[in-house]
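Visitor: I have not looked at this structure before. Could you show me how to read it?

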Amino acid sequence: MNWDWLARNASEIISWTLAHVLLSGVPTVVGLALSIPLGALASRYRWAYPPTVTIAGLLYTIPSIALFVLLPGILGTGILDPINVIVALTLYTVALMVRTVADALTAVPPDVRQAAVAMGYRPLRRLITVELPVAIPVIGAGLRVAAVSNVSLVAVAALIGVPQLGQLFTQGQQLDFYTPIVAGIVLCAAIAVIFDAIILSTVKLATPWRRLGRAAA
Amino acid sequence: MIGDIWAWLTTSAHWTGSDGIWQRTEEHVEYTLIAVAVAAVIALPIGALIGHTGRGTGLVAGTADALRALPSLGLLVMLALWALGHLPVGIALQTASIAVLALLAIPPMLTSTYAGVAAVDPAARDAAEGMGMSGGQVLLRVELPIAVPLLFSGLRSAYLQAVATATIAAFVSLGGLGRYVIDGLAQHDYPKMAGGALLVAVLAVLGDRILAVVGHFAASAGLTSRRRLWANASPYRSSYPTASLSETQPEVVNAARQ
């Protein structure tokens with residue numbers, strides 16, 4: 001490792017790190033927000049489940065670099081516009097999460113649902129206050145996968161020139177120099193680990209009854 | 001814009017020669033198949049053994065998660081640099097690139113193999129043992145056949161990973177369809193970039209569909225909804241919802257287990 005090089009380029013690396021966090025974090029949050037209503041619909045109306053899962057699967061099949069390149073043609077944005085990356089990763093997050101949300105909601109134990117119905121909960125309130133909280137652990141597990149893969153996918157966008165940590169890889173390649181590459185890999189992994197920890201602890205905080213259950217057992 | 005892409009794709013000169021679409025597609029498929037084959041040779045036996053014995057599950061899940069967190073572009077560039085310094089120039093980039101493709105194809109196959117084998121109904125395992133089968137026979141004749149749907153879902157994830165990473169590998173001078181994306185960018189030729197991207201997407205979707213169909217028929221009829229399919233019933237009903245989660249999203253299932 002050439003620490004001098006790192007110190008000299010510290011300000012640039014910091015701004016790339018921040019960009020990387022935004023480019024991977026925003027799609028994760030927006031994607032989750034979109035997939036909850038979509039997943040709830042697919043879980044509630046059975047006819048909607050097969051087409052939703054099929055479209056999501058198809059989207060998830062398209063390699064990220066292809067989507068990064070094709071989106072400007074569809075959206076009319078510039079090829080370097082970070083919006084392309086955000087839209088592409090939001091699509092991936094929705095593609096992964098919509099099925100997870102639908103399956104998690106469908107897997108809510110029927111007696112829990114019936115108890116809520118008997119207490120007079122209407123469908124929307126039942127979804128928000130009973131079914132979604134019960135589904136949180138499964139949704140959280142899916143979100144961890146989505147968040148971590150988003151962090152890795154953002155780096156690919158460096159190939160078409162969107163500035164973030166992936167830039168360290170293209171730079172390392174051009175300079176024939178390991179330091180930026182190693183720094184990039186370490187920083188990417190660190191962001192992924194932090195995202196993962198945030199999701200894990202949010203799930204833990206949002207489901208206090210699971211801890212109680214474990215303590216009692 | 002879309003007209004330009006179409007024009008690029010339908011120009012017959014773009015299909016022939018050493019930088020032609022046929023040649024580039026052939027290269028792309030070749031890299032992908034080699035990488036997936038290498039990954040399968042490594043991941044299948046290890047995954048089967050872990051699933052069968054139940055040992056090392058945490059280690060494998062941890063390694064797979066860690067590999068997923070590493071950016072593929074970074075690994076690719078790093079290994080390519082190393083190979084250029086250590087291997088004969090003619091084969092260095094190709095070897096390094098295919099090694100990275102294989103490396104990234106291992107985790108999905110490994111996790112779904114061990115999850116598939118570990119998820120076999122203990123009653124089926126007990127019955128096989130009761131019939132006098134040895135551990136190896138139980139694994140080969142009972143556990144692996146029952147795990148086939150999950151094996152194929154891992155194979156599909158591995159294929160998609162390899163197709164995507166092979167595209168990126170054009171950046172370190174590998175051939176394949178990624179060349180159009182990288183060269184098109186350098187030449188400010190958007191139709192070429194987008195045409196290449198479209199071909200990559202088609203290759204990914206097509207291969208995935210083929211593997212899905214092969215997997216459907218490779219699995220024992222008792223495991224799939226094949227009979228119901230022929231009886232004109234919904235293929236989704238039978239596997240909905242618990243089986244479907246584990247069938248195509250082993251990552252989620254594995255993550256949920258930790």
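Predicted model: local features only at pLDDT ≥ 70, side-chain atom pairs only at ≥ 80, totals over all residues.

Visitor: How many helices and strands does chain B have?

Guide: A count of elements is a starting point. Chain B has 12 helices and 0 strands, so the order of its elements from the N terminus is simply α-α-α-α-α-α-α-α-α-α-α-α.

Visitor: What share of chain B is buried?

Guide: Burial is judged residue by residue. In chain B, 50% of the 258 residues count as buried. Contacts can also be sorted by separation along the chain. Among the contacts in chain B with a separation of 6 or more, 71% join residues 24 or more positions apart.

Visitor: How many residues of chain B are in contact with chain A?

Guide: Each side of an interface is counted by itself: 42 residues of chain B meet 45 residues of chain A. Elements giving two or more residues to the chain B side include α1 (2–10), α7 (135–168) and α12 (250–257). The largest share, 10 residues, comes from α9(B). By class, this side of chain B has 34 nonpolar, 5 polar and 3 charged residues.

Visitor: Is Q114(A) buried or exposed, and why?

Guide: The test counts C-beta neighbours, and 12 or fewer means exposed. Q114(A) counts as exposed because it has 10 of them inside 10 Å. Q114(A) sits in helix α6 (residues 110–118) of chain A.

Terms used. Residues numbered from 1 in each chain as written. Chains lettered and ligands numbered in written order. Helix = DSSP H or I, 4+ residues; strand = E, 2+ residues; numbered from the N terminus. Buried ≥ 20, exposed ≤ 12 C-beta atoms within 10 Å, placed from the backbone. Contact = placed C-beta atoms within 7 Å. Nonpolar A, V, L, I, M, F, W, Y, C, P; charged D, E, K, R; others polar.
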